[in-house]
Amino acid sequence: MRSVTGPNRLRRVSARVLGCCLAISVAAGVSVLAVHHLSEPRDRAATIGGPYARLLSSSTDLGPSRREHAQLTVALRDAKHPQPLMQWADDHGLAVRWQPGADWAIVEGDASAVAEAFDVSVHDYRGRQGEVFYASPSQPEVPQAVRATVSDLGRILGFTPHRQARPWMIPLDVPLHGLTPNHLLTAYNASQLAAEGFTGKGQTIAIFAFHGFDQTDLDDFTTQYGLPPLKPIVLGGMPDDSNGAETVMDLQVAHAVAPDAQKVVVNARPTLEGGRTYERIAEMFDSVDRQFPGAVWSLSIGWGCDALITATDLKPVQAALARAHAHGTTAFDASGDTASLECKGGPNWSSPPGPDDIGLDAVASLPGMTSVGGTTLSTDEGGEWQSEQAWFDSPMSQGSSGGVSKLFPRPAWQYDVYAKRDPNYESRLTPDVSAVADPFTGVRIRFDQQDLVGAGTSQAAPIWAGLTAVMNQYLLANGGRALGDINPLLYRVAAGANRPGFRDVGLGASAVDVATPGYDLVTGLGSPNVGGLVRDFLDIQRGVAPR
C-alpha cells in the first residue's frame with residue numbers, strides 16, 4: 001500500500017507541540033508529562049464498553065502515548081481517490097495510505113497527533129502478559145470535514161488478543177484411541193471417492209499456524225497408517241514455538257483425508273507483531289494467494305472477537321479474502337472452542353461468564369469465510385456413521401462456538417435459514433458447517449512420540465479443508481470446476497438438492513444456543529455427507545440441480 005501524503009506537516013506539528021511543552025516547563029516549572037496530561041483531548045466520543053473496556057481495565061495505564069506510530073482503518077464511501085481525507089490528514093500532521101480501487105485506507109501518525117486529530121485520548125497500556133500497546137478508550141467519530149468521503153472508523157488499538165481453537169487438554173486415553181484415517185473417510189462418506197483415486201491430487205492445502213512442527217511426528221503418522229510422505233512447504237519461516245500440537249494435528253488430519261494434496265504451513269506469527277494485525281493478516285493472505293492460487297485454506301487460529309473491533313477494522317482482511325476467492329481459493333476457519341463465549345478474554349482479562357462474553361471469532365465471522373463448528377461423533381467399529389450431536393463439555397467450559405454477528409449483515413445466500421437469536425434475518429450467522437471436534441471421539445494423531453486424539457473446531461476445519469481438496473479433484477475430473485467461494489454453494493445444497501449433502505445435527509447445545517433440526521447456531525448446516533455433497537455441487541455447476 002503506497003503512502004500518498006508526506007511527513008512535512010507531521011514534523012511541523014511535532015515541533016510545535018515540543019516547543020510548547022518546553023516553554024511551559026521552563027516558565028512554570030511544570031513537567032513535560034504533566035503538560036501532556038493537561039493538553040489531552042477532551043474525549044467527547046463515546047466510551048467503548050464490553051470486552052474492549054475489560055481489556056483496558058485489566059491492563060496497566062501508562063499514561064498518554066508517546067509512540068511515533070499509531071493508526072486506524074477508515075471505511076471510504078466508495079473506491080475513488082480519497083483526496084479530501086488526504087488533505088485533512090495532512091492538515092493534522094497525519095499520513096494516509098490507500099491502494100487504488102480499495103474502499104478503505106489507513107490513517108497514521110504519531111500517537112499524540114492521532115489523539116488531537118480525532119479528539120480522543122490515546123494512552124499506552126501494559127497487558128497481563130507483559131505486552132505494551134496503545135489504545136483509545138473511546139470510539140472516534142468521523143470528522144465533519146471528511147464525512148462525504150469517510151463512512152466509518154475502526155478502533156485506535158495497537159493490540160489484538162489471539163487464540164488457537166483447540167481444547168487446552170488432549171486426552172491420552174479415549175475409546176478405541178480415536179478415529180483412524182480410514183475411519184474418518186468412512187464416517188463422512190468419502191471412502192468410495194478415495195477408492196476411486198480421489199485423494200486430493202493436484203490440490204494444495206494451506207495451514208495457517210502460530211506453532212511449528214516436528215517432522216518426526218509427521219513421518220511416524222504416515223508410516224503408521226501407510227500414507228504417502230507428508231513433507232510440508234513452510235511459508236514465512238518455521239514458527240519459533242514448536243511445542244504446541246496444533247499444527248501437527250491440522251497437518252495430519254488434512255493428510256488423513258487428502259494424502260496426495262500438497263501441504264503448506266503458513267507462519268502467522270508475524271501478524272501478532274507491530275500493532276497492525278488485520279493489515280498484516282491481509283498481507284499474509286495476499287502472499288499465500290500469489291504463491292498458491294486456488295489453494296484450500298484452513299485456519300485454526302483467531303485474532304480477537306467481533307465485539308472487540310468494528311467491521312471497518314476487518315476491511316483489509318475481507319478485501320484480501322475476496323481476491324483469493326477470485327482465484328479459486330476456499331477458506332475454512334474454526335468457529336472456536338468456548339461454546340459461543342469467544343469474547344471471554346482468557347489470559348488477557350478474566351471475569352465470571354456474562355452477556356459480554358457472548359461473541360464470535362472476528363475473522364471466522366467474515367461472510368467470505370466458511371466457519372466450522374464442532375460435533376461429538378458416534379461410529380461403529382468400522383467407522384460407519386451412527387449419529388452426531390453438538391459438542392459441548394459443560395464442566396470443561398468447552399464446546400462448539402457460533403452465533404449472530406455483531407459486525408456483518410445477513411448475506412443473500414443465508415436468507416433462507418432461520419436462527420432463534422436472529423428472528424429478523426438481519427445478521428450474518430455462524431457456523432456454516434461442522435465436523436467432529438469432541439476430544440473423546442476425535443481423530444488419532446501422533447505428537448511428541450505419543451498417540452493422542454485430536455480435538456476442537458481446529459480439528460474440524462482441516463477435515464473440511466481435506467474433504468474440499470478431494471471434492472475439487474473430483475469436480476475437475478468430471479468436467480466441473482474448483483469450488484472457490486463455497487458458502488453460496490453450501491446453502492444452495494441445503495435449500496434443496498438431488499442427494500443429501502449434509503447430516504443434520506439436531507441434538508446438543510452450546511453455552512448460549514441449542515442445536516435444532518435444520519440450520520442452528522451451534523453446528524450450522526451440519527456435517528458433510530461427501531459422496532452426496534460433491535455430486536450436488538457438480539449438478540449445480542452443470543445446471544441440473546433443483547431450483
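Asp103 is partly exposed, because its relative accessibility is 31%; the cut-offs are under 20% relative accessible area for buried, over 50% for exposed and partly exposed in between, with a 1.4 Å probe and protein chains only. Before I go on, this is a predicted model, so local features need pLDDT of at least 70 and side-chain atom pairs count only at pLDDT 80 or more, while totals for chains, interfaces and linings use all residues. Residues are numbered from 1 along each chain as its sequence is written, and side-chain values use heavy atoms, with hydrogens and water left out.

Back to Asp103. Its salt-bridge partner is Lys315, with the closest N and O atoms 3.1 Å apart. By salt bridge I mean a side-chain nitrogen of Lys or Arg within 4 Å of a carboxyl oxygen of Asp or Glu. Asp103 sits in the loop between strand E4 (95-98) and strand E5 (104-109), and Lys315 belongs to helix H11 (residues 315-326), so this pair ties together parts 212 residues apart in sequence. Helices (H or I, at least four residues) and strands (E, at least two) are DSSP runs, numbered from the N terminus.

How many salt bridges does the structure hold? There are 15. Five residues, Arg97, Glu108, Arg276, Glu279 and Glu283, are linked in a network of them. Another pair is Asp451 with Arg446, at 3.3 Å between the closest N and O atoms. Here Asp451 is partly exposed at 35% relative accessibility, whereas Arg446 is buried at 17%.

Next is Asp536 with Arg499, whose closest N and O atoms are 3.5 Å apart. Is Asp536 buried or exposed? Asp536 is buried, at 1% relative accessibility, while Arg499 is partly exposed at 31%.

H13 and H14 pack at about 100°, and their axes are 10 Å apart; axes are lines fitted to C-alpha atoms, for helices over the stretch in contact, and angles run from 0 to 180 degrees between N-to-C directions. H13 is therefore roughly perpendicular to H14, a label that covers 65 to 115 degrees; under 35 is roughly parallel, over 145 roughly antiparallel, and the rest oblique. On the H13 side, Leu489, Leu490, Arg492 and Val493 meet Leu533, Asp536, Phe537 and Ile540 of H14, where contact means heavy atoms within 4.5 Å. The residues of this contact divide into six nonpolar, no polar and two charged. Nonpolar covers Ala, Val, Leu, Ile, Met, Phe, Trp, Tyr, Cys and Pro; charged covers Asp, Glu, Lys and Arg; the others, Gly among them, are polar.

Last, a sheet. Three strands form an open sheet in the order E2-E6-E7, with antiparallel pairing; two strands pair if DSSP finds at least two bridges between them. The edge strands, strand E2 (60-64) and E7, each pair on one side only. Strand E6 (residues 123-126) and strand E7 (residues 132-135) are joined by four bridges. Tyr125 has Phe133 in E7 as its bridge partner, and His123 stands opposite Ala135. E6 and E7 form a hairpin with five residues between them, and Gly130 in the turn has a positive phi of about 90°.
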